[in-house]
Amino acid sequence: MIAGVETGGTKVVCGIAHRDAPGEPLEVRRFPTTTPEETTARIDAYFAEVGEPLEALGVASFGPVNVEPDRPRYGWVTSTPKRGWQDTDLLGRIPLAARVPHVVLSDVVAAALGEHRHGAAADARTTAYATVGTGIGAGLVVHDMPVHGNGFPELGHLLVRRHPKDGFAGTCPYHGDCLEGLASGPAVLARWGVDSSSIPADRRAEAHEILGSYLAQLVGVVLMTIGADRMVMGGGVLKAPGLLDEVRRQVPRLDAGYTLRDGASEPGAVARLVVPPALEDAGLVGALTAAADLPA
Ligand SMILES: [Zn+2]
């Protein structure tokens with residue numbers, strides 16, 4: 001059996017799986033993310049309680065987290081805004097990691113890997129995953145390999161072309177009107193006074209056009225950089241009914257036939273390219289998948 005844990009900003013999800021079936025987590029347990037001490041003690045207690053010999057561990061963490069094994073402070077959560085977690089040796093606080101081969105990924109890269117192997121992109125060669133919520137995070141899997149480094153990718157902070165009807169300054173403390181500054185949950189709240197699912201009917205079409213134009217630019221970038229054949233898009237902002245369809249509508253309009261050729265810009269093809277997530281615990285599945293990939 002192999003072990004996985006996803007430490008999210010608000011909750012932790014732990015699970016185990018057979019090494020040959022990381023897409024089917026067993027004994028899944030969830031609890032809130034509190035202090036590093038309390039949270040890692042509960043993770044440790046979980047692995048002790050499952051009572052199975054565990055032979056590998058995958059850790060998916062909110063970031064920024066150091067995922068490069070040959071760098072100092074591997075497995076540390078570094079400059080996070082989450083209170084109490086700055087410069088925390090997450091991996092070092094999980095005793096199982098000292099006993100078995102282990103791997104650390106960021107939560108979005110793990111979610112991308114989970115959806116790529118076992119979810120909405122299981123038939124894709126190259127997958128991009130984005131979650132649009134409190135922030136915008138993205139993960140990439142190219143020809144079955146996660147693309148990541150210390151804090152990367154950072155596609156949430158893509159500098160986007162402004163929609164002509166959008167005069168909003170943006171909420172990113174670094175860039176103002178980057179993608180996250182214009183299309184994350186806080187940006188929606190600051191601009192329209194409500195969350196994306198509660199925008200009044202008389203303002204919804206314009207709001208969706210504006211948000212859709214920014215999110216479609218993210219799709220355009222992954223098409224032009226990694227040639228993704230699946231873009232999985234989720235998160236709280238995209239729960240607004242109709243918003244994902246608006247993104248799908250704008251992708252071929254912005255692409256203008258440049259990368260989407262031979263029928264790839266048809267509505268049906270775009271609906272297969274840009275899809276919602278399929279897994280409930282994509283981050284956990286990704287952590288288990290990465291653990292299963294470790295040499296036995
Ligand atoms: Zn930014």
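**View 1. Strand 4 and strand 7 run parallel in this predicted model.** The two strands, strand 4 and strand 7 (residues 102–106), are joined by 5 bridges.

View 2. Thr-7 has Ser-61 of strand 4 as its bridge partner.

**View 3. Strand 4 (residues 57–61) is mostly covered.** Of its 5 residues, 5 are buried. In a regular strand, side chains alternate between the two faces of the sheet. On one side of strand 4 lie Leu-57, Val-59 and Ser-61, and on the other lie Gly-58 and Ala-60; both faces are covered.

**View 4. Helix 7 spans residues 243–255.** At 1.5 Å a residue, its 13 residues should span 18 Å, and the end C-alpha atoms are 18 Å apart, so the two values agree. The buried residues of helix 7 include Leu-243, Leu-244, Val-247 and Val-251, and also Glu-246 and Arg-248. Among the elements that cover the buried residues are helix 6 (201–225), strand 11 (230–234), helix 8 (267–273) and strand 12 (274–275). Just after helix 7, Ala-256 adopts a positive phi of about 55 degrees.

**View 5. Domain 1 and domain 2 meet through a set of contacts.** The domain assignment places residues 2–107 and 280–293 in domain 1, and residues 120–275 in domain 2. Taken over C-alpha atoms, the centres of the two domains are 27 Å apart. In the contact region, 8 residues of domain 1 touch 5 residues of domain 2. The domain 1 side consists of 3 nonpolar, 3 polar and 2 charged residues.

Definitions and conventions. Residues are numbered from 1 along each chain as its sequence is written. This is a predicted model: local features need pLDDT of at least 70, side-chain atom pairs count only at pLDDT 80 or more; totals for chains, interfaces and linings use all residues. Domain bounds come from an automatic or database domain assignment. Two residues are in contact if their C-beta atoms, placed from the backbone, lie within 7 Å. Ala, Val, Leu, Ile, Met, Phe, Trp, Tyr, Cys and Pro count as nonpolar, Asp, Glu, Lys and Arg as charged, and the others, Gly among them, as polar. Helices (H or I, at least four residues) and strands (E, at least two) are DSSP runs, numbered from the N terminus. The expected span of a helix is 1.5 Å times one less than its number of residues. A residue is buried if 20 or more other C-beta atoms lie within 10 Å of its own, exposed if 12 or fewer, and partly exposed in between; C-beta atoms are placed from the backbone. Two strands pair if DSSP finds at least two bridges between them.
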